[in-house]
Amino acid sequence: MFRILVVEDDANTRKLMCAVLRQSGFEPLQAGDGMQALEVMDKEHIDLAIVDLMMPNMDGYDLTREIRSVWEHMPILMVTAKQEPKDKHEGFLVGTDDYMTKPVDEQELVLRIKALLRRSQIASERKIVIGDTVLDYDSMTVSRKTEAAALPQKEFQLLFKLLSYPGTIFTRMQLMDEIWGFESDAGDHTLNVHINRLRERFYGWSEFEIVTVRGLGYKAVKKV
(Lines give C-alpha, C1' and ligand atoms only; values in the text may rest on other atoms or scores of the structure.)
Protein backbone atom coordinates (compact mmCIF):
# COMPACT_ATOMS: atom_id res chain seq x y z
CA MET A 1 0.00 0.00 0.00
CA PHE A 2 1.38 3.39 -1.03
CA ARG A 3 1.88 5.88 1.80
CA ILE A 4 0.87 9.45 0.94
CA LEU A 5 1.86 12.40 3.14
CA VAL A 6 -0.72 15.20 3.15
CA VAL A 7 0.91 18.51 4.16
CA GLU A 8 -1.89 21.04 4.71
CA ASP A 9 -2.41 23.61 7.46
CA ASP A 10 -6.22 23.60 7.22
CA ALA A 11 -7.40 20.70 9.40
CA ASN A 12 -10.70 20.17 7.57
CA THR A 13 -9.05 20.08 4.14
CA ARG A 14 -6.38 17.74 5.47
CA LYS A 15 -8.96 15.34 6.92
CA LEU A 16 -10.98 15.36 3.70
CA MET A 17 -7.94 14.58 1.56
CA CYS A 18 -6.94 11.76 3.89
CA ALA A 19 -10.46 10.30 3.72
CA VAL A 20 -10.40 10.41 -0.10
CA LEU A 21 -6.97 8.75 -0.18
CA ARG A 22 -8.03 6.05 2.27
CA GLN A 23 -11.10 5.25 0.18
CA SER A 24 -8.85 4.93 -2.88
CA GLY A 25 -6.60 2.34 -1.24
CA PHE A 26 -3.76 4.57 -0.06
CA GLU A 27 -2.38 4.95 3.46
CA PRO A 28 -2.44 8.68 4.30
CA LEU A 29 -0.21 10.42 6.83
CA GLN A 30 -0.68 14.01 7.96
CA ALA A 31 1.35 17.13 8.69
CA GLY A 32 0.13 20.64 9.47
CA ASP A 33 3.12 22.49 7.99
CA GLY A 34 6.50 21.96 6.37
CA MET A 35 8.40 21.50 9.61
CA GLN A 36 6.02 18.75 10.77
CA ALA A 37 6.25 17.14 7.34
CA LEU A 38 10.04 16.83 7.55
CA GLU A 39 9.73 15.28 11.00
CA VAL A 40 7.30 12.68 9.64
CA MET A 41 9.52 11.95 6.66
CA ASP A 42 12.54 11.42 8.89
CA LYS A 43 10.66 8.64 10.71
CA GLU A 44 8.37 7.12 8.09
CA HIS A 45 8.68 5.84 4.53
CA ILE A 46 6.68 8.10 2.21
CA ASP A 47 5.88 7.26 -1.43
CA LEU A 48 4.40 10.65 -2.43
CA ALA A 49 3.86 14.05 -0.81
CA ILE A 50 0.88 16.36 -1.36
CA VAL A 51 2.14 19.81 -0.42
CA ASP A 52 0.03 22.90 0.22
CA LEU A 53 1.71 26.12 -0.84
CA MET A 54 0.64 28.67 1.78
CA MET A 55 1.53 27.34 5.25
CA PRO A 56 3.00 28.78 8.47
CA ASN A 57 6.58 28.08 9.60
CA MET A 58 7.66 26.65 6.22
CA ASP A 59 5.72 27.19 3.00
CA GLY A 60 5.33 24.72 0.15
CA TYR A 61 8.18 26.16 -1.91
CA ASP A 62 10.71 25.78 0.91
CA LEU A 63 9.40 22.33 1.83
CA THR A 64 9.72 21.17 -1.77
CA ARG A 65 13.32 22.41 -1.86
CA GLU A 66 14.06 20.51 1.37
CA ILE A 67 12.46 17.31 0.06
CA ARG A 68 14.39 17.51 -3.19
CA SER A 69 17.69 17.96 -1.34
CA VAL A 70 17.22 14.64 0.49
CA TRP A 71 14.60 12.58 -1.34
CA GLU A 72 15.53 13.34 -4.93
CA HIS A 73 13.03 11.05 -6.66
CA MET A 74 9.99 11.35 -4.38
CA PRO A 75 6.91 12.50 -6.36
CA ILE A 76 5.52 15.83 -5.13
CA LEU A 77 2.07 17.18 -5.93
CA MET A 78 1.68 20.85 -5.01
CA VAL A 79 -1.84 22.09 -4.15
CA THR A 80 -2.71 25.76 -3.71
CA ALA A 81 -5.41 28.39 -4.04
CA LYS A 82 -3.00 30.51 -6.10
CA GLN A 83 -3.82 30.31 -9.81
CA GLU A 84 -1.36 32.73 -11.40
CA PRO A 85 1.01 31.17 -13.98
CA LYS A 86 4.01 32.62 -12.10
CA ASP A 87 3.03 30.61 -9.01
CA LYS A 88 2.90 27.40 -11.05
CA HIS A 89 6.20 28.23 -12.69
CA GLU A 90 7.83 28.76 -9.29
CA GLY A 91 6.44 25.44 -8.09
CA PHE A 92 7.98 23.55 -10.99
CA LEU A 93 11.26 25.42 -10.64
CA VAL A 94 11.70 24.35 -7.01
CA GLY A 95 11.00 20.73 -7.91
CA THR A 96 7.32 19.81 -7.78
CA ASP A 97 6.19 17.14 -10.25
CA ASP A 98 2.61 18.31 -10.66
CA TYR A 99 0.38 21.18 -9.58
CA MET A 100 -3.33 21.49 -8.72
CA THR A 101 -5.37 24.54 -7.78
CA LYS A 102 -8.08 24.64 -5.12
CA PRO A 103 -10.85 23.70 -4.87
CA VAL A 104 -9.44 20.27 -5.71
CA ASP A 105 -11.54 17.79 -7.66
CA GLU A 106 -11.29 14.56 -5.64
CA GLN A 107 -11.32 12.22 -8.64
CA GLU A 108 -8.68 14.26 -10.46
CA LEU A 109 -6.53 14.27 -7.31
CA VAL A 110 -6.53 10.47 -7.18
CA LEU A 111 -5.84 10.16 -10.92
CA ARG A 112 -2.88 12.53 -10.72
CA ILE A 113 -1.48 10.68 -7.71
CA LYS A 114 -1.71 7.35 -9.54
CA ALA A 115 -0.01 8.84 -12.60
CA LEU A 116 2.84 10.24 -10.51
CA LEU A 117 3.32 6.93 -8.70
CA ARG A 118 3.42 5.03 -11.99
CA ARG A 119 6.06 7.39 -13.35
CA SER A 120 8.08 7.05 -10.15
CA GLN A 121 7.85 3.26 -10.17
CA ILE A 122 8.99 3.04 -13.78
CA ALA A 123 11.94 5.34 -13.14
CA SER A 124 13.03 3.40 -10.05
CA GLU A 125 13.16 0.09 -11.93
CA ARG A 126 15.80 1.56 -14.25
CA LYS A 127 16.19 -1.47 -16.57
CA ILE A 128 14.02 -3.80 -18.65
CA VAL A 129 15.33 -7.03 -20.20
CA ILE A 130 13.40 -8.75 -23.01
CA GLY A 131 15.33 -11.65 -24.47
CA ASP A 132 18.55 -10.13 -25.83
CA THR A 133 17.16 -6.58 -25.68
CA VAL A 134 17.99 -4.32 -22.73
CA LEU A 135 16.42 -0.92 -22.01
CA ASP A 136 18.65 1.06 -19.63
CA TYR A 137 16.91 4.07 -18.06
CA ASP A 138 20.14 5.64 -16.77
CA SER A 139 21.74 5.87 -20.21
CA MET A 140 18.44 5.97 -22.16
CA THR A 141 19.76 3.30 -24.48
CA VAL A 142 18.23 0.23 -26.07
CA SER A 143 20.77 -2.48 -26.85
CA ARG A 144 20.72 -5.94 -28.40
CA LYS A 145 23.90 -8.01 -28.59
CA THR A 146 26.28 -5.76 -30.57
CA GLU A 147 23.62 -3.17 -31.49
CA ALA A 148 22.90 -0.14 -29.33
CA ALA A 149 20.76 2.97 -29.81
CA ALA A 150 20.67 6.09 -27.63
CA LEU A 151 17.16 7.53 -27.77
CA PRO A 152 15.88 11.07 -27.22
CA GLN A 153 14.37 11.40 -23.75
CA LYS A 154 10.67 11.36 -24.67
CA GLU A 155 11.06 8.48 -27.14
CA PHE A 156 12.85 6.41 -24.52
CA GLN A 157 10.35 7.22 -21.77
CA LEU A 158 7.46 6.30 -24.06
CA LEU A 159 9.01 2.96 -25.03
CA PHE A 160 10.02 2.24 -21.42
CA LYS A 161 6.48 2.98 -20.26
CA LEU A 162 4.87 0.65 -22.78
CA LEU A 163 7.33 -2.19 -22.21
CA SER A 164 7.03 -1.86 -18.43
CA TYR A 165 3.44 -3.08 -18.78
CA PRO A 166 3.40 -5.41 -21.83
CA GLY A 167 -0.08 -6.17 -23.08
CA THR A 168 -1.61 -3.22 -21.20
CA ILE A 169 -3.55 -0.76 -23.35
CA PHE A 170 -2.75 2.88 -22.64
CA THR A 171 -5.02 5.61 -23.96
CA ARG A 172 -3.51 8.49 -25.84
CA MET A 173 -4.43 10.80 -22.97
CA GLN A 174 -2.70 8.55 -20.42
CA LEU A 175 0.51 8.53 -22.42
CA MET A 176 0.44 12.27 -23.02
CA ASP A 177 -0.17 12.99 -19.33
CA GLU A 178 2.47 10.60 -18.04
CA ILE A 179 5.25 11.29 -20.55
CA TRP A 180 4.69 14.96 -21.37
CA GLY A 181 2.85 15.97 -18.18
CA PHE A 182 -0.51 17.56 -17.42
CA GLU A 183 0.85 21.06 -18.04
CA SER A 184 2.23 20.32 -21.52
CA ASP A 185 0.76 21.95 -24.62
CA ALA A 186 1.83 18.98 -26.76
CA GLY A 187 -1.00 17.38 -28.74
CA ASP A 188 -1.88 14.11 -30.45
CA HIS A 189 0.46 14.85 -33.35
CA THR A 190 3.44 14.79 -30.97
CA LEU A 191 2.51 11.32 -29.71
CA ASN A 192 1.97 10.06 -33.28
CA VAL A 193 5.40 11.29 -34.32
CA HIS A 194 7.12 9.58 -31.39
CA ILE A 195 5.27 6.28 -31.92
CA ASN A 196 6.18 6.30 -35.63
CA ARG A 197 9.83 7.05 -34.87
CA LEU A 198 9.99 4.14 -32.43
CA ARG A 199 8.43 1.78 -34.96
CA GLU A 200 10.89 2.87 -37.65
CA ARG A 201 13.85 2.69 -35.29
CA PHE A 202 13.08 -0.85 -34.13
CA TYR A 203 11.62 -2.23 -37.32
CA GLY A 204 12.66 -5.86 -37.63
CA TRP A 205 13.50 -6.31 -33.94
CA SER A 206 11.79 -9.58 -33.02
CA GLU A 207 11.57 -9.08 -29.25
CA PHE A 208 8.70 -6.59 -29.16
CA GLU A 209 6.35 -4.42 -31.18
CA ILE A 210 4.09 -1.41 -30.54
CA VAL A 211 0.50 -2.17 -31.50
CA THR A 212 -2.27 0.33 -32.19
CA VAL A 213 -5.55 -0.61 -30.52
CA ARG A 214 -8.13 1.11 -32.67
CA GLY A 215 -10.31 3.56 -30.77
CA LEU A 216 -8.37 3.07 -27.53
CA GLY A 217 -4.62 3.73 -27.78
CA TYR A 218 -1.42 1.70 -27.82
CA LYS A 219 0.14 -1.34 -26.21
CA ALA A 220 3.51 -3.08 -26.38
CA VAL A 221 3.64 -6.79 -27.16
CA LYS A 222 6.57 -8.92 -26.02
CA LYS A 223 7.38 -11.74 -28.45
CA VAL A 224 9.90 -13.72 -26.38
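Over how many bridges do strand β8 and β9 pair, and in which sense? Here are a few friendly notes on this predicted model.

1. To take that opening question: β8, residues 141-144, pairs with β9 in the antiparallel sense, over 4 bridges.

2. Stepping back to the whole sheet, β8 and β9 belong to an open arrangement of 4 strands, ordered β6-β7-β8-β9, with antiparallel pairing. The edges are taken by β6 (127-130) and β9 (147-150); each has a single partner strand, so one side of each has no neighbour in the sheet. On average, neighbouring strands here are turned by 10° against each other, direction ignored.

3. Now to helix α8, which runs over residues 188-201. Its 14 residues should span 20 Å at 1.5 Å a residue, and the end C-alpha atoms are 20 Å apart, so expectation and model agree.

4. Which residues of α8 are buried? They are L191, H194, I195 and L198. These residues cover an arc of only 100° around the axis, which means that they sit on the same side of α8. As a reminder, residues three or four places apart point the same way because an α-helix has 3.6 residues a turn. H189 and E200, on the other side of α8, are exposed.

Technical notes:
Residues are numbered from 1 along each chain as its sequence is written. This is a predicted model: local features need pLDDT of at least 70, side-chain atom pairs count only at pLDDT 80 or more; totals for chains, interfaces and linings use all residues. Side-chain values use heavy atoms; hydrogens and water are left out. Two strands pair if DSSP finds at least two bridges between them. Helices (H or I, at least four residues) and strands (E, at least two) are DSSP runs, numbered from the N terminus. Axes are lines fitted to C-alpha atoms, for helices over the stretch in contact, and angles run from 0 to 180 degrees between N-to-C directions. The expected span of a helix is 1.5 Å times one less than its number of residues. Buried means under 20% relative accessible area, exposed over 50%, partly exposed in between (1.4 Å probe, protein chains only). The arc is that of the directions from the helix axis to the C-beta atoms.
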